[in-house]
Amino acid sequence: QDTNAQNGKKYTVGGIDVIGETSFSKQTIVTYSGLRVGEEVIIPGDKISNAIKKLWNSNLFNNIEIYINRIEDNVVFLEIRLDDLPELNEVKINGVKKSKVEKLITENTLNKGVKVTENLITTTKNYLISKYKKEGFYNTKVNINTIEVQDTIQTSKSVMNMVVNIDKGKKVKVKEIHFSGNTVIPDSKLKKAMKNTKQKSITHVLKRSKFIETDFKADLKSIVDKYKENGYRDARVLSDSVVVIDSKNVSVYINLEVGELYSFGKISFIGNTVYSDDVLRRILRIYPGETYNGTLLSKRIADNENPDASDITNLYQNNGYLFSTINPVEISAEGNIIDLEIRISEGKPVYFTNVTVVGNDVTNDHVIYRELHTRPGQLYNKSNVIRTIRELSQLGFFDAAQIATNFNNPNPNEGTIDLEYVVVETGSSQIELQGGYGGGGFIGTLGLSFNNFSLRNLFNIKEYKPVPRGDGQQLSLRLQASQFYQTYSFSFSEPWLGGEKPVQFSTSVSHTKQFLYDAQTGKADRDKAFTITGLSVGLAKRLNEPDNFFTLSQAISYQHYNLKDYNTGLFTFGDGYSNNLAYTIGISRNSTYNDPVYPVGGSSFSASAKVTLPYSLFNNVDYYALKHDREDLQAIVDDPNYSNSQRVTAAEGIAEIDQERFKWLEFYKIQFKAEWFAEIVKKFVLKPSVEFGFLGAYNQNRGDIPFERFFLGGDGLGSYSLDGRETISLRGYPNQSIQPLDENGYATSDGGTIYNKFSLELRYPITLKAQAKIYVLGFVEGGISYNAFNDYNPYDLKRSAGAGLRVFMPAFGLLGIDLGYGFDALPGQTQPNGWETHFIIGQQF
Amino acid sequence: PYQIALKKPDISEKFKVGEELYNKGKFDKANKLFAQIVPEYRGKPQAEKLMFLYSNTFYEMKDYYLASYQFERFVSAYPNSGKVEEAFFLSAKAAYMLSPIFSKDQIETRDAIEKLQTFINLYPNSEFTPEANELVRELDYKLETKAFEIAKQYNTIAEYTADYNASITAFDNFILDFPGSPYREEAYFYKLDSAYKLAINSVETKKQDRLEDVKIHYSNYKKSYKEESKYLKEAEKMLEHIIKELEKYSTKS
């Protein structure tokens, strides 16, 4: 049967047979093999061996062989013999928690139906051992058994069960670390230098002792580095050993050779033409006679950890010398004094030829290219590249962590290079849809905000994916309605109006209607309403002076208030109106970086003034007389000796006077806010902030207005009221609860005209991945508000402290919860306010 | 019959109904049926036809990403098929369909150009080749527009960035990269405009040299200019101004 043709003869395939334990049909296997009845094959030859290869590569079969069955004239009849590889039926994993089993199965793709090969068993075993070793289970043992399943129904399929036994053992800790040959640096300091391998100790709360082999190897290097930093540049680890004490503990022995102490000798520069020796020496800041420190030397030449460092490499890199190389060479080590030669090859200054951006599937080119600080024809400058990356990430359209650069087509002879920025788009739209029960009824909210909107494509149906995006404009729309109020607002902004300069144009329109509560029906009385309609247009401009972190903004806003039979304590008149036409000018400076959600450094401050026209100067109303009339009338109202009708008439008179006073609101408002961010210790960011606000009147006889006031307390979320009020958060107290006291010592409810607040926050990031950024924070803060400058005492604060959590997800925006304890009593009360919980939704930082 | 075929396990029934739906233009339903039976038909002789129809349902459903991919798979799986030429073309055309507006990342555009070009090289006499050539031209024009608009933006924002050179360099690159572009004249004009503004806003020490430079830019522009250009007048005005400015230097020396 086994005909062996040595001479490579040509045959025609007459038929192909398939034999073996397989669940596949004969036809399928033949098609897989690539052989065809009727075609010509050379035996022995490529076609047959390729057929075997193809079948192997399918990963479905075992014991594949092709035989010649018989030969008739030039017609050959072939026979393929193979068996199906056994399929995996069930996996049982012993020795780990049930909840982990599922994860291990997916990590190793031990799914039902997978073909069981030796390779699968070995890789699974190795994977598990190294996985647990990495977690500190040094003594992990893994054993994998396979059991063939006798399947009575499907006899054609061979099926196997797999049993994985994992014995993790105990987590291994390091009981003792022994050094020998350590003659100079105290053992304790070396132990500190070992970042991941710590000796067992109760004081190691944050970093518990664990023995992980790879970490231990890295730590040996840190020990040597520690010596090298102190002048012992020949230091090395002669040997190290791990001694197992029991199933839970090991001791490690490290045998060191310290070598001799070296110091810096003469340092000379060679090859520098652009910068003088003096300039370079000032950056190097290493002088003859100092203890030799290789780490410091390389850091001063090129600091790989800090891209903004002041080192020699950056000096060249920030001035166009992209191809410069700097190499320190030891030229003599006589008497343990090391003379250095710093060899510099400067190369030509390099200019950018092409600067491109890729990866912007959503955002249009012009939105990105206008932010670049590296443009074609410019001298290469590393710090400009870094700045561009930072500013692109601050746009909020791209994933800050994934912005990368590629340098292409470097040409050292011409001094040219191409630069490519790689960006990855992230979702930058937020949708808020809420329904809830509060304030005595159902409240529905629909909020849409698009951060990368494209207005010109508003009528271009093709660009709706799902909204037109890519021009860097912001559009937001908010509808909120309940039984008692309705509010509609719309805003739009374009950061580069006209496309020539970063002049931000913004506009907003809003309309709010509030109804009065009807005590009889318990419902809103639709006939008693307070309507506010507002419109504002503003321009903001980035300034180049004094530095380009400054922004100047200006806005004109107009609001119309209309009261219809709306009698509350807030206003003396129930029917009437008021107009608010104001001009706002603000200056702000923001140098925070990198991530707008979680800045780690920089500061931001803003100062603004909102002013109206001084109508009282030219409208010929005698406010002094009005003030006196009003006081007289007030005296009548307050005096119970007058008859009721007299008092009512007097109150009507007051309403008339107030209507006159507030026909056109006349005020000025000054606000100031500053905050700083600083990374104090690893990842911990401290954020102190100060803010202050003052609302005043030009004409004291006309008096302070009832709008535009400051409301301190609570989460600081803007409320539905659009009377120009500023809500200022002060955690640990209820919302808008810090009200000034009136002359009788009672708490008022219409806000203050002066306030200040101090806050100190400590933040720690849990994760800063693009899908979700989470951080925890602790805070202490205090603030106070008054109604008159004479009463003002900025240090008589309502104080609080507490902690909170923030979660930022691109789809939801910022969510947070704060727990605060108020140490002081609310106005008009005597007990400390105590604990308050605040939920923060959507408020940015 | 669609709902029945969808639930029935009979694969030949699914194929039959799917094909009927396909011929009626109901591509999404056909696609669903085909998707169910593709694994079963793998390696069988009918698979060739099935895979072509299946690929084309994606194309007809405007899912060009999958269409391009499936046609590409068809081409590599059945290199001897009679439909291979059409599949190759449709794979490239689907890639063409994926190319976005010029102002966004053009990775798909470059990919489509490459695929279409490969097709043209492989089947120079195909009935699809004229169309492929047309598509390539269109995509090339898109890349031109992109480079042109970016260079032009450097000119627009030059006053803010105080970098007039960026626009000049970018247009230089543009002229070098797209020698036959219809934007050529405009490119030379904007180069002149940038050089002019650079000279006018220049510090005194460099001004004379830069003014002289503008003259060179002007003559370069004149060479490229076509009759009745709307830019000509403006360019002449610049030249006049430059000459006037230069007079100051000649009288001084």
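This text walks through one predicted model, from the whole chain down to single residues.

Start with the whole. Chain A has 845 residues, and 42% of them are buried. Its secondary structure comprises 13 helices and 35 strands. Now consider who touches whom along the chain. Take the contacts with a separation of 6 or more: 59% of them join residues 24 or more positions apart. The accessible surface of chain A is about 43,600 Å². Carbon and sulfur atoms supply 53% of that surface.

Next, look at a sheet. Find strands β5, β7 and β6 of chain A. They form an open sheet of three strands, in the order β5-β7-β6. The pairing in this sheet is mixed. Which strands are at the edges? They are β5 (87-94) and β6 (141-149) of chain A, and each pairs on one side only. From one strand to the next, the twist averages 20 degrees. Follow β5(A) to its partner. Seven bridges connect β5(A) with β7 (residues 159-167) of chain A, and the two strands run parallel. Helix α4 (residues 118-134) of chain A lies across β6 and β7 of chain A. The helix α4(A) runs at about 150 degrees to β6(A).

How do β15(A) and β16(A) run, parallel or antiparallel? They run antiparallel, joined by six bridges, with β16 covering residues 416-422 of chain A. Within this pair, T405(A) stands opposite Y421(A) of β16(A).

Helix α8 of chain A spans residues 294-301. Which of its residues are buried? They are L297(A), R300(A) and I301(A). Seen down the axis of α8(A), the buried residues fall within an arc of 100 degrees, so they line one face of the helix. What covers them? The cover includes two helices, α7 (277-284) and α9 (312-317) of chain A. It also includes the strands β11 (263-270), β12 (325-332) and β13 (337-345) of chain A. Check the start of α8(A) too. There, a side-chain oxygen of N293(A) comes to within 3.1 Å of the backbone nitrogen of T295(A).

Single residues come next. V37(A) sits in the loop between α1 (26-33) and β2 (40-43) of chain A. Is V37(A) buried or exposed? With a relative accessibility of 52%, V37(A) counts as exposed. Yet V37(A) has contacts beyond its neighbours within four places in sequence: V13(A), G14(A), G15(A) and I16(A). T12(A) is 25 residues from V37(A) in sequence, and their C-alpha atoms are 7.9 Å apart in space.

Q504(A) has its place in a strand, β21 (residues 503-518) of chain A. This residue is partly exposed, at 31% relative accessible area. Setting aside residues up to four places away in sequence, Q504(A) touches S493(A), E494(A), P495(A), G538(A), L539(A) and A540(A). One of these, S493(A), lies 11 residues away in sequence and 6.8 Å away in space, C-alpha to C-alpha.

Finish with two backbone angles. N620(A) is not a glycine, but its phi is positive, at about 60 degrees. Where is N620(A)? Look in the loop between β26 (599-611) and α12 (623-638) of chain A. N620(A) is exposed, with a relative accessible area of 75%. Q736(A) also has a positive phi, near 50 degrees, in a residue other than glycine. Find Q736(A) in the loop between β30 (726-728) and β31 (754-768) of chain A.

Definitions and conventions:
Residues are numbered from 1 along each chain as its sequence is written. Chains are lettered from A and ligands numbered from 1 in the order in which they are written. This is a predicted model: local features need pLDDT of at least 70, side-chain atom pairs count only at pLDDT 80 or more; totals for chains, interfaces and linings use all residues. Side-chain values use heavy atoms; hydrogens and water are left out. Buried means under 20% relative accessible area, exposed over 50%, partly exposed in between (1.4 Å probe, protein chains only). Helices (H or I, at least four residues) and strands (E, at least two) are DSSP runs, numbered from the N terminus. The arc is that of the directions from the helix axis to the C-beta atoms. Contact means heavy atoms within 4.5 Å. A polar contact is a pair of N or O atoms within 3.5 Å; within protein, one must be able to donate a hydrogen and the other to accept it, and residues adjacent in sequence count only if both atoms are side-chain atoms. Accessible areas come from the Shrake-Rupley method with a 1.4 Å probe; for residues, only the protein chains shown count as cover. Two strands pair if DSSP finds at least two bridges between them. Axes are lines fitted to C-alpha atoms, for helices over the stretch in contact, and angles run from 0 to 180 degrees between N-to-C directions.
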